[in-house]
Amino acid sequence: MGVAYFNGEFMPLESVRISPLDRGFLFGDSVYEVIPSYAGELFLLEEHLQRLQRSLDAIRLESPLSFDQWRAMLEELVRRNEGDGPVDLGLYLQVTRGVAPRDHAFPAGGVPTVFAMASPIAPLPDTIHQAGVAAVTRPDTRWSRCDIKATTLLANVLARQEAREHDAVEAILLLDGQVTEGAASNVFALVDGTLVTPPLASSLLPGVTRALVLRLAAQCGLDVVERDLSESELRAAGEIWLTSSTKELLPVCRLDGHPVGAGVPGPAWEAVHAAYQEEKSRATQSRLEAKGCA
Ligand code: PDD
């Protein structure tokens with residue numbers, strides 16, 4: 001099951017014990033991050049830690065660790081979970097407002113709970129290149145602060161489960177006729193040759209992958225715009241992509257049972273996906289060089 005970090009100590013994941021009075025458990029009073037590590041290199045760590053700080057600020061919780069302490073802890077977590085050699089890992093970290101008698105208002109002088117674990121990132125199956133993935137649309141029933149990476153994810157859980165029950169990998173959420181994001185991803189669509197993604201707002205997470213994909217798509221020569229994306233534009237899109245730290249850039253080839261564009265991953269996805277893989281290799285390579293291994 002691997003090694004976890006819990007309140008200052010590394011231990012087997014199965015030995016971690018969370019108090020029933022932990023506010024993360026009782027109220028979902030906590031925030032989290034998911035950070036990929038490729039061959040031992042934490043990918044876009046700075047961006048993830050900046051977003052963690054933003055989430056902590058939003059829930060008025062002081063960061064229990066400094067930037068350097070986060071980095072050191074996560075690097076050690078990778079090292080302890082690598083086994084015989086570098087593997088690709090998804091690091092999950094969560095900070096809660098700690099343990100206190102149950103009362104909705106903040107406890108005085110509480111001590112945050114810090115937990116982190118690592119799980120292997122499975123490589124994307126080859127079928128992605130031929131057939132992409134399926135998605136469904138669902139109403140966005142979430143709260144109005146989806147820009148905070150909070151662990152209160154019940155609406156996302158229900159939407160994702162409905163996607164699975166329709167043989168789809170993701171639910172694309174619609175609010176007032178506009179796309180917000182996926183249950184655990186951001187959404188891009190190729191509309192009349194322009195790559196569109198909804199602008200940052202309190203209705204969606206500022207995805208770290210989203211920001212990188214915006215940059216790479218522009219570098220690939222695509223016309224890129226952050227603007228509202230309507231349901232009808234989504235349904236008529238030539239390509240639809242989902243982005244997230246663990247799934248990278250997924251081409252959606254079926255939406256609600258209908259083919260998207262030609263029904264196979266499109267050329268824009270092929271180009272940006274390749275640029276994304278290059279970016280990952282560069283990050284890994286620079287780390288190996290820094291260690292004198294390459
Ligand atoms: N989720 N939107 C939502 C609601 C998400 O949960 C995620 C990621 C994203 C993409 O963000 P990023 O590119 O920074 O991973 C967008 C993670 C992976 C999860 O909950 O497991």
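# Briefing on a predicted two-domain chain

Setting aside residues up to four places away in sequence, Lys149 touches Val31, Tyr32, Glu33, Val34, Arg51, Ser55 and Leu205. The model is a predicted one, and the domain assignment of the chain divides it into domain 1, residues 3–120, and domain 2, residues 126–280.

- Lys149 is placed in the loop that runs between strand 7 (133–139) and helix 5 (154–165).
- Is Lys149 buried or exposed? Lys149 counts as buried because its relative accessible area is 10%, which is under the 20% cut-off.

**The interface between the domains**

- The centres of domain 1 and domain 2, taken over C-alpha atoms, are separated by 26 Å, and the contact draws 20 residues from domain 1 and 19 residues from domain 2.
- Between them, domain 1 and domain 2 bury about 1,600 Å², of which 64% is on carbon and sulfur atoms.
- How many salt bridges does the rule find across the interface of domain 1 and domain 2? The rule finds one salt bridge there.
- Asp147 forms a salt bridge with Arg54, and the closest N and O atoms of this pair are 3.2 Å apart.
- Seven residue pairs in polar contact, with both residues at pLDDT 80 or more, are found across the interface of domain 1 and domain 2.
- On the side of domain 1 that touches domain 2, the elements giving two or more residues are strand 3 (30–38), helix 2 (45–58) and strand 5 (89–96), and strand 3 gives the most to that side, with seven residues.
- By residue class, the side of domain 1 that touches domain 2 divides into 11 nonpolar, five polar and four charged residues.

**Thr209 in helix 6**

- Thr209 lies in helix 6, which spans residues 208–219, and Thr209 counts as buried because its relative accessibility is 3%, a value under the 20% cut-off.
- The side chain of Thr209 reaches the backbone nitrogen of Ser245 at 3.2 Å.

- Most residues other than glycine have a negative phi.
- What is the phi of Arg60 near? Phi of Arg60 is near 60 degrees, a positive value in a residue that is not glycine.
- Arg60 is found in the loop between helix 2 and helix 3 (67–81), and Arg60 counts as exposed because its relative accessible area is 64%, which is over the 50% cut-off.
- Asp192 likewise has a positive phi, of about 50 degrees, although Asp192 is not a glycine.
- The place of Asp192 is in the loop between strand 10 (186–191) and strand 11 (194–197), and Asp192 counts as exposed because its relative accessibility is 79%, a value over the 50% cut-off.

Conventions
Residues are numbered from 1 along each chain as its sequence is written. This is a predicted model: local features need pLDDT of at least 70, side-chain atom pairs count only at pLDDT 80 or more; totals for chains, interfaces and linings use all residues. Side-chain values use heavy atoms; hydrogens and water are left out. Helices (H or I, at least four residues) and strands (E, at least two) are DSSP runs, numbered from the N terminus. Buried means under 20% relative accessible area, exposed over 50%, partly exposed in between (1.4 Å probe, protein chains only). Contact means heavy atoms within 4.5 Å. Domain bounds come from an automatic or database domain assignment. Buried area is the accessible area (1.4 Å probe) that two parts lose on being put together, summed over both. A salt bridge is a side-chain nitrogen of Lys or Arg within 4 Å of a carboxyl oxygen of Asp or Glu. A polar contact is a pair of N or O atoms within 3.5 Å; within protein, one must be able to donate a hydrogen and the other to accept it, and residues adjacent in sequence count only if both atoms are side-chain atoms. Ala, Val, Leu, Ile, Met, Phe, Trp, Tyr, Cys and Pro count as nonpolar, Asp, Glu, Lys and Arg as charged, and the others, Gly among them, as polar.
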